[in-house]
Amino acid sequence: MEWLILVGRILFGLIFVSSAIAGHLLQHKNTAEYAQMRGVASASTMVYLSGIWILAGGLSVILGVWTDLGALLIALWCLTAAFMVHHFWTDEGMVAQIEMTSFMKNLSIAGAGIMLFVLFAWIGDAIGLQLIGPLFDINL
């Protein structure tokens, strides 16, 4: 069972690692222009910071280093991005539809991140295949 959790962690974290590297860091200019167009203040700086944020969260989940913290970082970033960038209710037509899809995707991933946070902080080292156990200890 621990191997299935490892595969799930890799699949969950991979989107954030690839987005951080390919979008936020290597394609920084394009991503910053999009963020600025969506009204993000200090877009260039925020794109770098968010890239580092999601890279840290994704690697944490994949490698099993404070996986609970990594899942929480991802959840918080997804909620922030949903409301700061993908505010579809301010758009019209096809743009509104595209942004609504991104908004809902981010809410969904945030929900999964919250569940993973609780799972890893609650079950802890018993999950196995982690380099460093959870940072938080939730006793339900």
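## Packing of α4 and α5

Helix α4 crosses α5 with left-handed geometry. On the α4 side, the contact is made by Thr67, Asp68, Ala71, Leu72, Ile74, Ala75, Cys78, Leu79, Ala81, Ala82 and Phe83. The α5 side contributes Phe103, Asn106, Leu107, Ile109, Ala110, Gly113, Ile114, Leu116, Phe117, Phe120 and Ala121. This description rests on a predicted model.

The axes of the α4 and α5 pair come within 8 Å and cross at roughly 160°. Angles over 145 degrees count as roughly antiparallel, and α4 and α5 are therefore roughly antiparallel to each other.

## Ile114 in the α4/α5 contact

Ile114 lies in helix α5 and is one of the α5 residues that make the contact with α4. Ala75 is among the α4 residues in the contact. Is Ile114 buried or partly exposed? With a relative accessibility of 41%, Ile114 counts as partly exposed, because the buried class is limited to values under 20%.

## Helix α5

The end C-alpha atoms of α5 are 45 Å apart, which agrees with the 45 Å that its 31 residues should span at 1.5 Å a residue. Just after the helix, Gly124 takes a positive phi of about 65°.

Buried positions in α5 are Ala96, Glu99, Ser102, Phe103, Asn106, Ile109, Ala110, Gly113, Phe117, Phe120 and Ala121. The cover over these buried residues includes α1, α2 and α4. Several of them also take part in the contact with α4, including Phe103, Asn106 and Ile109.

Ala96 belongs to helix α5 and is buried, with a relative accessible area of 15%. Apart from neighbours within four places in sequence, Ala96 is in contact with Phe88 and Asp91. Between Ala96 and Cys78 the C-alpha to C-alpha distance is 18 Å, for a sequence separation of 18 residues.

## Packing of α3 and α4

Helix α4 also packs against α3: the two axes come within 7 Å and cross at roughly 140°. This crossing is left-handed. From α3, the contact is made by Ser50, Trp53, Ile54, Gly57, Gly58, Ser60 and Val61. From α4, the contact is made by Thr67, Gly70, Ala71, Leu73, Ile74, Leu76 and Trp77.

## Helix α1

Helix α1 covers residues 2-25, which makes 24 residues. From first C-alpha to last, α1 reaches 32 Å, close to the 34 Å expected at 1.5 Å a residue. A kink of about 35° in α1 is centred on Gly13.

Gly13 is also among the buried residues of α1, together with Leu6, Arg9, Phe12, Phe16, Val17, Ala20, Gly23 and His24. What covers the buried residues of α1 includes α2 (28-37), α3 (43-63), α4 (67-84) and α5 (93-123).

## Arg38 in the loop between α2 and α3

Arg38 sits in the loop between α2 and α3. Its relative accessibility is 8%, so Arg38 counts as buried. Which residues is Arg38 in contact with, leaving aside its neighbours within four places in sequence? They are Met84, Val85, His86, His87, Phe88, Thr90, Asp91, Val95 and Glu99. Of these contacts, Phe88 and Asp91 are also in contact with Ala96, and Glu99 is listed among the buried residues of α5.

Note on methods:
Residues are numbered from 1 along each chain as its sequence is written. This is a predicted model: local features need pLDDT of at least 70, side-chain atom pairs count only at pLDDT 80 or more; totals for chains, interfaces and linings use all residues. Side-chain values use heavy atoms; hydrogens and water are left out. Helices (H or I, at least four residues) and strands (E, at least two) are DSSP runs, numbered from the N terminus. The expected span of a helix is 1.5 Å times one less than its number of residues. The bend at a residue is the angle between axes fitted to the seven residues ending there and the seven starting there. Buried means under 20% relative accessible area, exposed over 50%, partly exposed in between (1.4 Å probe, protein chains only). Contact means heavy atoms within 4.5 Å. Axes are lines fitted to C-alpha atoms, for helices over the stretch in contact, and angles run from 0 to 180 degrees between N-to-C directions. Angles under 35 degrees count as roughly parallel, over 145 as roughly antiparallel, 65 to 115 as roughly perpendicular and the rest as oblique. A crossing is left-handed if the near helix is turned anticlockwise from the far one by less than a right angle, and right-handed if clockwise.
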